[in-house]
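Thanks for coming, everyone. Let me put the model on the screen, and then I will walk through it.

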Amino acid sequence: MSAERDVRPEQGEEQDHGPRRPRPRTVPAWARIAALAALAVLCAALYLTYGVSGNVAYVVERRTTVVLTMLVVAFAGAVSTVLFHTVTDNRILTPSIMGMEALFVLVQTCLVFVFGIAGLSALPPVAAFLSQTALMVVFALLLFQRMFTGGIGSLHLTLLVGIVFGVLFNSLSRLMQRLLDPNEYDALQGRLFARLTRADADLLPWVAVAVVLVGIYVWRRHRLLDVVSLGRETAVNLGVDHRRVAVRMLMIVALLVSVSTALVGPMTFFGFMAATLAYQVAGRHEHRYVLPTAFLVGLCTLVGGQFVLEHVLGHAGTLSVVIEFTGGALFLYFLLRKAAR
């Protein structure tokens, strides 16, 4: 009888554990973007056509204005937040931390305090929109240029200064609001809430031009943004002028936030919610995937949410309030999860 030989795998030799399990297939990023685009088109089509009766032309025209407004707000909020996260290398911060929305509240309060509601309503909408947008952009320009070209060059110091200015603007706004007539105060509070369904149609061409130009500029530099997202030291070692890129991108963030805020009002956590969900949905870190995903997530949220509130819940609430509550809860969740690590 032949001696049995102990057959054992030698050291370094792989053991055969049977057939290998196939790796789970992941949906490509472009397919996810296509699915989101189809969902956005479906939501827009339902919102435009569902329950249309009576004066069909008037209803469709009004709803088209609302959809175009949401398209602008979705682009501005989502793209500005993604760019802000890229430049600051922090996905917890939001562009509102720079005091832009607080400045909008201060401008509105000053106008009511000086001219009253009647005087403010008498201003041409286009002139008021352009003046408010220009004022917020000039403020951001002075802040960023001073911080990055005045020998300081600290992004964290810039954020700290923005927070201080935001607190200052809020304090001045509250002081003047306490001195207002109660009727004017109530009318002012209505202007300080985001009004997605009450945007002026005359403002949309101006906003559309700004959004298209910004979109082209950002898209042509998506590879540069990929390098900047690696961190300041890595980007500098790869030959990127990080200071110049940071100033330009922060100016674009300020422009987008200013346009969106002047058009519909402040929405603090909408951009954060859209960008955070886009990071999870895209499954990739390249900006050519993240930017369109964030825009489409924001658009689906706005149009789909407005459709549900109007036609399912019967105007049971305000979309901006729901988004702010949901975005704030999401912000606290990620903040606490990051602190627990």
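From the N terminus on, the elements run α-α-α-α-α-α-α-α-α-α-α-α-α. That is 13 helices and zero strands. Helices here are DSSP runs of H or I with at least four residues, strands are runs of E with at least two, and both are numbered from the N terminus.

Ground rules next. This is a predicted model, where local features need pLDDT of at least 70, side-chain atom pairs count only at pLDDT 80 or more, and totals for chains, interfaces and linings use all residues. Residues are numbered from 1 along each chain as its sequence is written, and side-chain values use heavy atoms, with hydrogens and water left out.

Now the totals. The protein chain has 341 residues, and 45% of them count as buried. Buried means under 20% relative accessible area, exposed means over 50%, and partly exposed is in between, with a 1.4 Å probe and protein chains only. The accessible surface comes to about 19100 Å², and 62% of that belongs to carbon and sulfur atoms. Those areas come from the Shrake-Rupley method with a 1.4 Å probe; for residues, only the protein chains shown count as cover.

On contacts, take pairs at least 6 apart in sequence: 78% of these contacts join residues at least 24 apart. Contact means heavy atoms within 4.5 Å.

Let's go inside. In soluble globular proteins, nonpolar side chains tend to be buried together. In this model, the largest nonpolar core has 96 residues. Which element gives the most to this core? Helix α2, residues 56-88, with 14 residues. A nonpolar core, by the way, is a set of buried Ala, Val, Leu, Ile, Met, Phe, Trp, Tyr and Cys residues joined through side-chain atoms within 4.5 Å.

The residues with the most contacts inside the core are Leu83, Met100, Leu196, Leu263, Met267, Phe270 and Leu302. Take Leu302. Leaving aside neighbours within four places in sequence, Leu302 touches Met70, Val73, Ala74, Leu196, Met267, Phe270, Leu319 and Ile323.

Next, helix α10, residues 242-264. Its 23 residues reach 33 Å from first C-alpha to last, close to the 33 Å expected at 1.5 Å a residue. The expected span is 1.5 Å times one less than the number of residues. Helix α10 is mostly covered, with 19 of its 23 residues buried. After the helix comes Gly265, with a positive phi near 110°.

Ser260 sits in α10. Is Ser260 buried or exposed? Buried, because its relative accessibility is 11%. Beyond the neighbours within four places in sequence, Ser260 contacts Val73, Ala76 and Gly265.

On to helix α12, residues 287-312, which holds Val297. Val297 has a relative accessible area of 9%, so this residue is buried. Setting aside neighbours within four places, its contacts are Leu36, Ala274 and Leu277. With Ala274, the C-alpha to C-alpha distance is 5.8 Å, across 23 residues in sequence.

Gln306 counts as buried because its relative accessibility is 8%.

Ala37, in helix α1, residues 29-49, is 256 residues from Thr293 in sequence but 8.8 Å away in space, C-alpha to C-alpha. Ala37 itself is partly exposed, at 29% relative accessible area.

Now charges. Side chains of opposite charge can pair when their charged atoms come close. How many salt bridges does a search of the whole structure find? One. The partners are Glu286 and Arg284, at 2.9 Å, N to O. The criterion is a side-chain nitrogen of Lys or Arg within 4 Å of a carboxyl oxygen of Asp or Glu. Glu286 is partly exposed at 25%, and Arg284 is partly exposed at 34%.

Last stop, the surface. Phe113, Val114, Phe115 and Leu179 make a nonpolar patch of about 440 Å². Patches are made of residues with over 30% relative accessible area and no salt bridge; like charges are joined within 9 Å, and nonpolar side chains (Val, Leu, Ile, Met, Phe, Trp, Tyr) within 5 Å. Phe113 belongs to helix α3, residues 100-122. At 39% relative accessibility, Phe113 is partly exposed.

That's the tour. Over to you.
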